[in-house]
Amino acid sequence: MSKKWEIIKKITDSGLVVVVRAENADTAKKITDACLEGGAAAIEITYTVPGATKVIEELAKEYAGQIIIGAGTVLDAETARIAILSGAQYVVSPYLSRETLKLCNRYQVPCMPGVMTIEGVVEAMELGADILKVFPGEAFGPGIIKAIKGPLPQANMMPTGGVNIDNVADWIKAGAVAVGAGGSLTAGAKTGDFASIKRLAAEFVQKIKEARQK
């Protein structure tokens, strides 16, 4: 199994990607520690974070082999390349950027472009996207996954935005291969309550596991 497929398998096995918009590397590390203990498969450091490249670099070194570190809110191929060189193991974009997808395929790094229409899903798959980020999830709810998988059962979709502990099971039952959770999971970081993040991450993973068995 290639490294790319190992990363995709780890993400889909756990089913949880934690979207981190921390203000600095120290907070990002504390969130990562909590999520690692809670059983999350991957951390996504968004490029809305000040000095995101440095944060990715530090986390990639510190957590090598423990948890998958990726780059999020990647808007162009240039940022994707910088992120990959800094140690990002996967790349997430809020929209379908053909150049970003081509670059990631060139270096065999999983790329998850944002889609919200049947046309976007088909084009992203034709361009070689392995997991499609359904974004913004809260604009549609879990029904969009089921609707897309009607004509396109082969689509591997990961909703981000609007995913919380109360509806995560609904997303999985609708056919999502994984979910991206941000503020609903990491809110405790603002008050230094990292124990709540660990607890919530474990709860997310458990609910995903249970939903898959039903």
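**Entry 1: helix α10.** I began with α10, which covers residues 194-213 and so counts 20 residues. From its first C-alpha to its last I read 29 Å, close to the 28 Å expected at 1.5 Å a residue. A reminder to myself: this is a predicted model.

Which residues of α10 are buried? I noted Phe-194, Ser-196, Ile-197, Leu-200, Ala-201, Phe-204, Val-205, Ile-208 and Ala-211. They cover an arc of only 165° around the axis, so they sit on the same side of α10. I then turned to the other side of the helix, where Ala-195, Arg-199, Lys-209 and Gln-213 are exposed.

Next I looked up what the buried residues of α10 pack against. My list has α1 (3-14), β1 (16-20), α2 (25-38), α8 (168-173), β9 (179-181) and α9 (183-186).

**Entry 2: strand β1.** How many of the five residues of β1 are buried? I found five of the five, so the strand is largely enclosed by the rest of the structure. Both of its faces are covered. Leu-16, Val-18 and Val-20 are buried on one side, and Val-17 and Val-19 are buried on the other.

I also checked the strands that β1 pairs with. With β9 it pairs in the parallel sense, over three bridges. Within that pairing, Val-17 has Gly-180 of β9 as its bridge partner. Strand β2 (residues 42-46) also runs parallel to β1, and four bridges join the two. Here I noted Ile-43 of β2 as the bridge partner of Val-18. A general point I jotted down is that strands of a sheet pair through backbone hydrogen bonds, either parallel or antiparallel.

**Entry 3: Val-18.** I stayed with this residue of β1. Its relative accessibility is 0%, and the cut-off for buried is under 20%, so Val-18 counts as buried. What does Val-18 contact, leaving aside its neighbours within four places in sequence? I wrote down Cys-35, Ala-40, Ala-42, Ile-43, Glu-44, Ala-181, Leu-185 and Thr-186. I also looked up Ser-184, which is 166 residues apart from Val-18 along the chain. The C-alpha atoms of these two are separated by 9.9 Å.

**Entry 4: Thr-32.** Moving to helix α2, I looked at Thr-32. This residue also has 0% relative accessibility, so it counts as buried. Leaving aside neighbours within four places in sequence, Thr-32 is in contact with Ile-43, Leu-59, Tyr-63 and Ile-67.

**Entry 5: the largest pocket.** I was curious about open space, and the largest pocket holds about 440 Å³. Of the 25 residues that line it, the closest to its centre are Val-19, Arg-21, Gly-182, Gly-183 and Thr-186. Which elements each supply at least two residues of the lining? They are β1, α2, β9 and α9. Among the contributors, α9 gives the most, with three residues.

**Entry 6: another sheet.** Last, I looked up an open sheet of three strands in the order β6-β7-β8, with parallel pairing. Its edge strands are β6 (114-115) and β8 (157-159), each of which pairs on one side only. Between β6 and β7 (residues 132-134) I noted two bridges, in the parallel sense. At this pairing, Val-115 stands opposite Val-134 in β7.

Terms used:
Residues are numbered from 1 along each chain as its sequence is written. This is a predicted model: local features need pLDDT of at least 70, side-chain atom pairs count only at pLDDT 80 or more; totals for chains, interfaces and linings use all residues. Side-chain values use heavy atoms; hydrogens and water are left out. Two strands pair if DSSP finds at least two bridges between them. The expected span of a helix is 1.5 Å times one less than its number of residues. Buried means under 20% relative accessible area, exposed over 50%, partly exposed in between (1.4 Å probe, protein chains only). The arc is that of the directions from the helix axis to the C-beta atoms. Contact means heavy atoms within 4.5 Å. On a 1 Å grid over the protein atoms alone, a cavity is a set of points where a 1.4 Å probe fits but cannot get out, and a pocket is an open set with protein on both sides within 12 Å along at least five of seven lines; lining residues have an atom within 4 Å of a point. Grid points are joined across faces, edges and corners, and a volume is the space filled by probe spheres set on the points.
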